[in-house]
Amino acid sequence: MKRIWTIARIELTRLLRDRSNLFFVFVFPLLLVLLIGAQFGGGGGVEVGAVAPDDEPAERLLETIEDAGGFRIVEVEDADRLRDEVSRGVLSAGVVLPDDYGARVVEVAPTEVAFIGRPDSTAASVRAVVSAAVAQQRQAGQAAALVDDQLEGGDRAALRTLALDLQEELDGVSVRAETVGTDEIGEQFAGLGPFDLGASSQLFLFTFLTSLASSAALIQLRQYGVAHRMLASPTPMRQIVGGLTAGRLLIALVQALYIVVATVVLFQVDWGDPLATGVVILLFSLVSAAAGMLIGAAMRNDNQASGVGVGLGIGFAALGGSMVPLELLPDGIRLVARITPHAWANEAMAEIVRRDAGLGDVLPQVLALGGFAAVLLVLGTLTLQRTLTR
Amino acid sequence: MTQVLRCDHLWKAFGDLQAVADISFTIDRGETYGLLGPNGAGKTTSISMVAGLLPPDAGEVFVAGERMHPRATTAKAAVGLVPQEVAIYPDLSARENLRFFGRLYALPQKELDARIDAVLEVIGLTDRASDRAGEYSGGMKRRLNIGIGLLHEPELLILDEPTVGVDPQSRNAILESVESLATDGLAVLYTTHYMEEAERLCDRIAIVDKGRMAAEGTRRELVATIGEQDLVRLDVAGDAPQAAAAIRQLDDLGSVDVEDQAVVCLLDGAAQRLPRLLGAVAEIGVAVMGVEVREPDLEDVFLHLTGAALRD
């Protein structure tokens, strides 16, 4: 075991010694998580569009929304344009007030405020703020009407009964929410934090990519003659191959765990059930390590290995939902995506993070990842063993 | 003398290419044994079998009494291999490289630390031990390459062309190190295609060509295979093969070969017979530009045995 650990540790040391790797392993993944998080709904600088009449209650409502949510209200000409700008992402969400909004609020007549949002967490936040502001204005209107009607006197008990009756009978102002985009998709992403989606998908992208790109080290091992020197030592072949395999796994795990820890600390990402997430990440790291080993053993020079590694890493990530969520891909592509380990891993993490799934709920995905790992490990170790003695 | 290495009738082929054919030799403790031959002669294949990297198709290798094969651990522990390429991690320091390979030989930590310091001293890299090996000069890398082979105090050190691509100063330092190692009792198997290295270092030499051992012995024994003859070299300005043919007409000559623009002859009593040689060449109208008379060396032995120059 000591020799296996010695070989594995040197593989990791060599990866970390290469300064160009430091950016791609430690900085770039977090930049992408940040970028995706900002795009998906990062919180700051949220602009809410408003189609509203020029009257005092409407102005007060918009001010309340602006102050309570810390949003910026942007006036828009009409509801169609607002819908268009929200769906294109120009605005985070929007509200449409009827032309007679002021009069209806004063009269405590039933009024509908339309809310327009995309299927993301920012829209959900804005909607909550709008609902609260509208409720506050409705209560004020009701109180005003109540006092106005009953100012002449009457006992307190009658007023109380009347207020309760009014609360039940009056429809007041309500918010009708309209989600633009795809309703089904909205459901898929419900409850996600702004960085939750990017964190897991980037974890799979970078764990696989780093493992494949670093497979060039296996070719250098042969080119430098170090492989022959290792084989000339009393270390048995199985321990050399075991050490190199463990080295690739160590690299994959360091990359994956770094992203988990960094995104929890920096972005408060929710990774869901620790056991389920741990198993998925471990299996995906095994798949990545074995794929890296296969590339490193099969390719002839390190340029070839880096090229193929990066190509496959990016290609699989794109197809497997690490760049665009699987839910946004056409059905046919989603079917093809299942040839990638990324698709299974992303699907598992979607269940774990978005729907609080446990290990039992993601068993099919776990089994699929286990299958990938087993096949690639057998192919990788056999090919490596053959090329080391070449 | 204690025998450290015994190779019995080794054969190895790669497809149709017979890389090694019936090679046998032994090396005793404190002896330096050279495999001398041109590139592609089968030297590296031979030492790959000795180091347990390749299984022979036929024949056996014994190191320190243990049979060597790719899965042998005891025999491998007795061998220090210094490959032809500089087999080090360039992104690790000399100390880290030594520690890594030392652990592959399962040296205990304390012993390993002591051996690393000792080896760094021997190879003259103590001051640069913490620098990345990739930043070293070619000679320093070669020295580290040798140091790794010495780290676990092997009984047999295999040096495969250790001076290729090394500047003269570093080359001399390497040769001095090898001389001192043999004096300390190490058995050394040294492959080279530099005749002067084999002559300087090796107690016994095997001349290898096309996978076969053409001859084996001490330098004196090998030179004696040519006989007590002198070597005469005539550099000619005209047709060298025609000049060689003219010389061959003379009686009592050993071998007559053409080497570039020169005719190389082996003959007894060169001083007395030289005028007849020059006369024969002058008769056919070929001008002689230079004459050299000397004792033959290993290069000449190789030429005599194989019909080709060592550098070919």
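In what order do the 4 strands of the open sheet in chain B stand? The legends below take this up in a predicted model.

**View 1. The open sheet of chain B, strand by strand.** Here the order reads β2-β1-β4-β5, and the 4 strands pair in the antiparallel sense. At the edges you will find β2 (17-28) and β5 (66-67) of chain B; each has a single partner strand, so one side of each lacks a neighbour in the sheet. As a reminder, strands of a sheet pair through backbone hydrogen bonds, in a parallel or an antiparallel way.

**View 2. Strands β1 and β4 of chain B, paired antiparallel.** Residues 3-14 make up β1(B) and residues 58-63 make up β4(B), and 5 bridges join the two strands. A handy place to start looking is Asp8(B), which stands opposite Glu60(B) in β4(B).

**View 3. A helix across the sheet strands.** Helix α1 of chain B, residues 43-50, lies across β1, β2 and β4 of that chain. Relative to β1(B), α1(B) runs at about 120°.

**View 4. Helices α10 and α13 of chain A, packed together.** The axes of α10 (residues 216-223) and α13 (residues 274-298) are 7 Å apart, at an angle of about 35°. The crossing of α10(A) with α13(A) is right-handed. From α10(A), Ala216(A), Ala217(A), Leu218(A) and Ile219(A) meet Met293(A), Gly296(A) and Ala297(A) of α13(A). Sorted by class, this contact has 6 nonpolar residues, 1 polar residue and no charged ones.

**View 5. The two domains of chain B.** Domain 1 covers 3-223 and domain 2 covers 227-295. Taken over C-alpha atoms, the centres of these domains of chain B are separated by 40 Å.

Definitions and conventions. Residues are numbered from 1 along each chain as its sequence is written. Chains are lettered from A and ligands numbered from 1 in the order in which they are written. This is a predicted model: local features need pLDDT of at least 70, side-chain atom pairs count only at pLDDT 80 or more; totals for chains, interfaces and linings use all residues. Two strands pair if DSSP finds at least two bridges between them. Two residues are in contact if their C-beta atoms, placed from the backbone, lie within 7 Å. Axes are lines fitted to C-alpha atoms, for helices over the stretch in contact, and angles run from 0 to 180 degrees between N-to-C directions. A crossing is left-handed if the near helix is turned anticlockwise from the far one by less than a right angle, and right-handed if clockwise. Ala, Val, Leu, Ile, Met, Phe, Trp, Tyr, Cys and Pro count as nonpolar, Asp, Glu, Lys and Arg as charged, and the others, Gly among them, as polar. Domain bounds come from an automatic or database domain assignment.
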